[in-house]
Structures are given as C-alpha cells and as structure tokens.
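Work through the exercises below with the model open. Try each task before you read its solution.

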Amino acid sequence: MSYIVQYIIVRSDLKSVLGWPLGAVIAQCCHAATAVMHLYREDEITQKYLEDLDRMHKVVLGVKDEDAMRKLSEKLKENNIHHKMWIEQPEDIPTCIAIKPYVKDDVHKYVKNLQLLKE
C-alpha cells in the first residue's frame, strides 16, 4: 500500500496575473485544507492521516486559472474524489482546491498532469 497524501491545488494566476501577495495565496491553501479536513473528519483515511501529525504528506500543485480549476473540480466530482474548492468571499473568487487525504495510488492519476506550484 502506498502512503497517504493530501493534494492542494492553487490558481497560479492569483499572484502572477491578479497581483495577490504571497501571504494571501498561502492563506487560501490554509482555508481549503482546514475546510476539507473538517468536512471529512469522520473519514477513515483522514483519521489515519492525522494520527501522525509530524509526518503528514502534502503536495501543492498549480493550475493556470479559474477555468482550469473549475474543470479539475468537475473531474474530481465525476470520479467521487472528495474535495473542497475554496471560494474567497466576499469577492466570490475560486482560489484553491484541497483534496481530502487519500492513499496516493487512489488519487494521483487525477492530478499527475499538474506541476508543483512555483512562484
């Protein structure tokens, strides 16, 4: 069995095109990760992931823009991959997707075409 991982996917255009400060982009990741952990707190894999806080494995990936993020969310929904798309309020801007923790072999195929988020 492969290890448990949580994927966080962020819009790379928030910083590069829209001019968001790095701290604001990181906050979006924190919001989404916290929300998805709360939503799936009763999930067996999520609980197992949280058993060893010092060895959690997260991967932060980037998507080009809002359209790419919405397409990814739809693909995840179609395949019953539980996630939370964070929508920043009051602006109503989708910023980040956090996928609940999964065994890597069960979820990697849905994000393998994405690149690590770069500055």
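**Exercise 1. Find the contact between the side chains of Lys100 and Asp43, and say which parts of the chain the pair ties together.**

Solution. 
- Step 1. Lys100 and Asp43 meet through their side chains in a salt bridge, at 2.8 Å from N to O. A salt bridge here is a side-chain nitrogen of Lys or Arg within 4 Å of a carboxyl oxygen of Asp or Glu.
- Step 2. Lys100 sits in the loop between β4 (93-99) and β5 (102-103), and Asp43 in the loop between α2 and α3, so the bridge ties together parts 57 residues apart in sequence. Helices (H or I, at least four residues) and strands (E, at least two) are DSSP runs, numbered from the N terminus.
- Step 3. Lys100 is buried, at 2% relative accessibility. Asp43 is partly exposed, at 23%. Buried means under 20% relative accessible area, exposed over 50%, and partly exposed in between (1.4 Å probe, protein chains only).

A note on the source: this is a predicted model, so local features need pLDDT of at least 70 and side-chain atom pairs count only at pLDDT 80 or more, while totals for chains, interfaces and linings use all residues. Residues are numbered from 1 along each chain as its sequence is written, and side-chain values use heavy atoms, with hydrogens and water left out.

**Exercise 2. How many salt bridges does the structure hold, and which residues are linked in a network of them?**

Solution. 
- Step 1. The count is seven salt bridges.
- Step 2. The network links Arg11, Asp13, Glu66 and Arg70.
- Step 3. Take one pair from it. The side chains of Glu66 and Arg11 form a salt bridge of 3.9 Å, N to O. Glu66 belongs to helix α4 (residues 66-78) and Arg11 to strand β1 (residues 4-11), 55 residues apart, so distant parts of the chain are linked.
- Step 4. Compare the partners. Arg11 is buried, with a relative accessible area of 5%. Glu66 is partly exposed, at 29%.

**Exercise 3. By about how much of a helix are Lys71 and Asp67 separated?**

Solution. 
- Step 1. Their side chains meet in a salt bridge, 3.1 Å from N to O.
- Step 2. Both residues are in helix α4, four residues apart, so about one helical turn separates them.
- Step 3. Lys71 is exposed, at 55% relative accessibility. Asp67 is partly exposed, at 45%.

**Exercise 4. Which residues line the largest pocket, and which element gives the most to the lining?**

Solution. 
- Step 1. Start from the method. Rolling a probe the size of a water molecule over the atoms shows where empty space is left. On a 1 Å grid over the protein atoms alone, a pocket is an open set of points where a 1.4 Å probe fits, with protein on both sides within 12 Å along at least five of seven lines; lining residues have an atom within 4 Å of a point.
- Step 2. The largest pocket has a volume of about 210 Å³. Grid points are joined across faces, edges and corners, and the volume is the space filled by probe spheres set on the points.
- Step 3. Its lining consists of Arg11, Ser12, Lys15, Ser16, Leu22, Val25, Ile26, Cys29, Val60, Leu117, Lys118 and Glu119.
- Step 4. Two or more of these residues come from α1 (13-16) and from α2 (22-39). α2 gives the most, with four residues.
- Step 5. Sort by type: six are nonpolar, two polar and four charged. Ala, Val, Leu, Ile, Met, Phe, Trp, Tyr, Cys and Pro count as nonpolar, Asp, Glu, Lys and Arg as charged, and the others, Gly among them, as polar.

**Exercise 5. Inspect the backbone at Pro90, Asn80 and Asp92.**

Solution. 
- Step 1. Gln89 and Pro90 are joined by a cis peptide bond, with omega about 10 degrees. Pro90 is in the loop between β3 (83-88) and β4.
- Step 2. Asp92 lies in the loop between β3 and β4. Its phi is positive, near 65 degrees, and Asp92 is not a glycine.
- Step 3. Asn80, also not a glycine, has a positive phi of about 55 degrees. Asn80 lies in the loop between α4 and β3. At 61% relative accessibility, Asn80 is exposed.
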